[in-house]
Protein chains: 2
Amino acid sequence: MATQTAAEQREEARKAFDAYFSQCPSRKLLDRLSDKWVTLVLTALQAGPCRYSDLARRIAGVSQKMLTQTLRVLERDGLVSRTLTPSVPVRVDYELTPLGESLMPLVAAIKSWAEAHIEDVERAREHYDAVNA
Amino acid sequence: MATQTAAEQREEARKAFDAYFSQCPSRKLLDRLSDKWVTLVLTALQAGPCRYSDLARRIAGVSQKMLTQTLRVLERDGLVSRTLTPSVPVRVDYELTPLGESLMPLVAAIKSWAEAHIEDVERAREHYDAVNA
DNA sequence: CTGCATCCAGCTGGATACTG
DNA sequence: CAGTATCCAGCTGGATGCAG
């Protein structure tokens with residue numbers, strides 16, 4: 001009699017893989033970048049410091065919850081700095097840190113590949129859909 | 001009397017933004033790359049053609065459903081080609097297309113930034129968590 | 001061997017209401 | 001102005017069973 005069922009073994013393997021996987025630096029980075037709002041916030045901040053409400057205006061579709069959440073994550077990761085001015089009303093400015101700025105060339109590289117090749121992808125899709133109608 | 005409530009206007013704005021947003025090439029690319037299994041499959045195929053079951057073995061944590069789904073998407077996008085050999089049992093090989101290969105330097109760049117800077121990010125996190133205990 | 005169909009638990013993220 | 005707290009609808013993706 002086995003000490004584990006096949007299902008339990010599979011689950012073990014999956015958990016071990018997940019543990020390893022979540023340690024992968026590339027994965028951590030992709031998890032950040034892939035967040036819907038992260039690249040938009042980073043790009044908006046590229047031009048310079050920006051207030052919370054300005055960000056909300058520039059990134060038209062974002063909800064308050066997600067903007068705050070995204071900014072917190074980026075601040076925690078050291079990609080963005082937060083400066084509070086205790087006037088009345090309160091003023092908060094966000095800014096890219098040097099680490100955050102070092103990420104921007106990569107964002108630009110992604111943009112570059114996308115703009116250069118996305119039409120090939122679109123054509124491939126149309127072809128695929130036509131063949132597998 | 002307004003023809004729209006404020007809530008309706010906000011929803012309109014959000015839908016318009018979403019529509020614009022989903023057209024953005026960079027977004028389309030990030031949506032692909034950020035899929036948990038996409039980069040793993042692409043990386044696994046970088047060494048050369050590979051059978052379905054080999055992929056399943058190399059990428060230990062993937063479920064059958066997600067592996068198939070990922071491969072379908074990549075095939076549809078023209079990043080991966082699928083070759084069926086109608087033997088018994090069936091044999092299917094997957095391979096990077098030239099378009100898929102053109103994406104690999106970008107994947108490498110992501111890996112490179114991640115490995116160079118993820119420790120800075122980790123330190124920033126520890127600091128943030130310590131301060132905001 | 002290589003898949004497809006279905007079910008469902010868990011997470012994501014928008015809406016809403018409230019605060020210093 | 002710049003958030004925080006709560007609720008919940010919809011999507012994601014793993015598990016399972018079946019098929020050519």
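In the predicted model, chain A contains an open sheet of 3 strands in the order β1-β3-β2, with antiparallel pairing. Strands are DSSP runs of E of at least two residues and helices are runs of H or I of at least four, both numbered from the N terminus; two strands count as paired if DSSP finds at least two bridges between them. The edge strands of chain A are β1 (50–51) and β2 (80–85), each of which pairs on one side only. Strand β2(A) runs antiparallel to β3 (residues 91–96) of chain A and is joined to that strand by 6 bridges. Within β3(A), Tyr94(A) is the bridge partner of Arg82(A).

Helix α3 (residues 38–46) of chain A packs on this sheet and touches β1, β2 and β3 of chain A, its direction making about 95° with that of β3(A). Helix α5 (residues 64–76) of chain A lies across β2 and β3 of chain A and runs at about 110° to β2(A). Contact means heavy atoms within 4.5 Å. Axes are lines fitted to C-alpha atoms, for helices over the stretch in contact, and angles run from 0 to 180 degrees between N-to-C directions.

Residues are numbered from 1 along each chain as its sequence is written, and chains are lettered from A and ligands numbered from 1 in the order in which they are written. Local features need pLDDT of at least 70 and side-chain atom pairs count only at pLDDT 80 or more, whereas totals for chains, interfaces and linings use all residues; side-chain values use heavy atoms, with hydrogens and water left out.
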